[in-house]
Amino acid sequence: MHASRPCPLSDRTAPAAYAPPCTDPRPLLLVALGYGILVWQVGPMGLAVIGMGVMGALAHPFIRRRRTPGMVRGLMRFCAFWGLLKFALDMLVATPDVADALAGAALLSGRLALLGGIGMVLTLAVSPRALALALAWALRPLMGDAAWRPALALALMLHFLPLTQRTVTQVTQCAARRQPHGGLRRRLTLVPAAILRILGQRTWQQTVALAVRGLDTPEAWRPCFAPACRAWLWAVLLTVAGWGLTLLPA
């Protein structure tokens, strides 16, 4: 029997001397960046076309399994908040026409919703580590060996954002069930303290895990992407086709 060479970047191994090829996220990043810019360039018809594409991507079985209702609700609240804020500001300083103010608020909310949907598809379709490796690849000409630091920061951020959301939801639900008659002042004291304590413990656990797996060294963040010629071709075609949406009437 031949002993298999350990992969230092896997979930259960440490030191970081060898990185196996991983799925190349750069074609998907190209599409996401192109359509993220397009969202601010096209009119309502173009936004409707992009929205259908985003909804189709979010309905993909792989992404649907990883999507949580809290992500969608949080995005809807975010878009509604900024839409209402724009409506209020337009009514106060820009225009007294209610119809124009509503149209502007709806357009802003739609653009933000599509941006959030594109980001959701990207983060659910690609692992945080693959996205971080792509960032390290892009920054290496500018930062050299120091490119691994922002790549690690991005991977940690993508890891902790859903973790923080789940923790807040769980602590809030637990407080509501265990102290249904507790006052608002008591909840405002206990809930943030519990959230910070749990996140502090998990941050320490993640720090130890990074050190054990060797992910705190430049060698662990040297990109080694598998060839993806067909993916690059589709990415370029989709991006070029997307810019054709700017020809639609506003």
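The side chains of Lys-86 and Asp-90 meet in a salt bridge, with 3.3 Å from N to O; the term denotes a side-chain nitrogen of Lys or Arg within 4 Å of a carboxyl oxygen of Asp or Glu. A search of the whole structure finds 1 salt bridge. This is a predicted model, in which local features need pLDDT of at least 70 and side-chain atom pairs count only at pLDDT 80 or more, while totals for chains, interfaces and linings use all residues. Residues are numbered from 1 along each chain as its sequence is written, and side-chain values use heavy atoms, with hydrogens and water left out.

Both Lys-86 and Asp-90 belong to helix H4, where they stand 4 residues apart, about one turn of the helix. Lys-86 is partly exposed, at a relative accessible area of 28%, whereas Asp-90 counts as buried at 13%. In these terms, buried means under 20% relative accessible area, exposed over 50%, and partly exposed in between, with a 1.4 Å probe and protein chains only.

## A nonpolar surface patch

Phe-78, Phe-81, Trp-82, Leu-85, Leu-89, Leu-92 and Val-93 form a nonpolar patch on the surface, and together they have about 740 Å² of accessible area. Patches are made of residues with over 30% relative accessible area and no salt bridge; like charges are joined within 9 Å, and nonpolar side chains (Val, Leu, Ile, Met, Phe, Trp, Tyr) within 5 Å. Accessible areas come from the Shrake-Rupley method with a 1.4 Å probe, and for residues only the protein chains shown count as cover.

Leu-89 is partly exposed, with a relative accessible area of 43%.

## Overall architecture

The secondary structure of the protein chain consists of 9 helices and 0 strands. Helices (H or I, at least four residues) and strands (E, at least two) are DSSP runs, numbered from the N terminus.

Of the 250 residues of the chain, 31% count as buried. The accessible surface comes to about 15,900 Å², and 69% of it belongs to carbon and sulfur atoms. Among contacts (heavy atoms within 4.5 Å) between residues at least 6 apart in sequence, 75% join residues at least 24 apart.

Helix H1 spans residues 26-38 and has 13 residues; from first C-alpha to last it reaches 18 Å, close to the 18 Å expected at 1.5 Å a residue. The expected span is 1.5 Å times one less than the number of residues. The buried residues of H1 pack against helix H2 (44-58), helix H5 (98-125), helix H6 (128-143) and helix H9 (229-243).

Within H1, Tyr-35 counts as buried at 17% relative accessibility. Leaving aside residues up to four places away in sequence, Tyr-35 touches Ile-50, Ile-118, Leu-238, Thr-239, Ala-241 and Gly-242. Helix H7 (residues 148-178) has 31 residues and should span 45 Å, which agrees with the 44 Å between its end C-alpha atoms. Buried residues of H7 include Trp-148, Leu-152, Phe-160 and Val-171.

## Cysteines

The structure holds 0 disulfides, the criterion being a pair of cysteine sulfur atoms within 2.5 Å. Cys-79 counts as buried, at 6% relative accessibility, whereas Cys-229 is exposed, with a relative accessible area of 66%.
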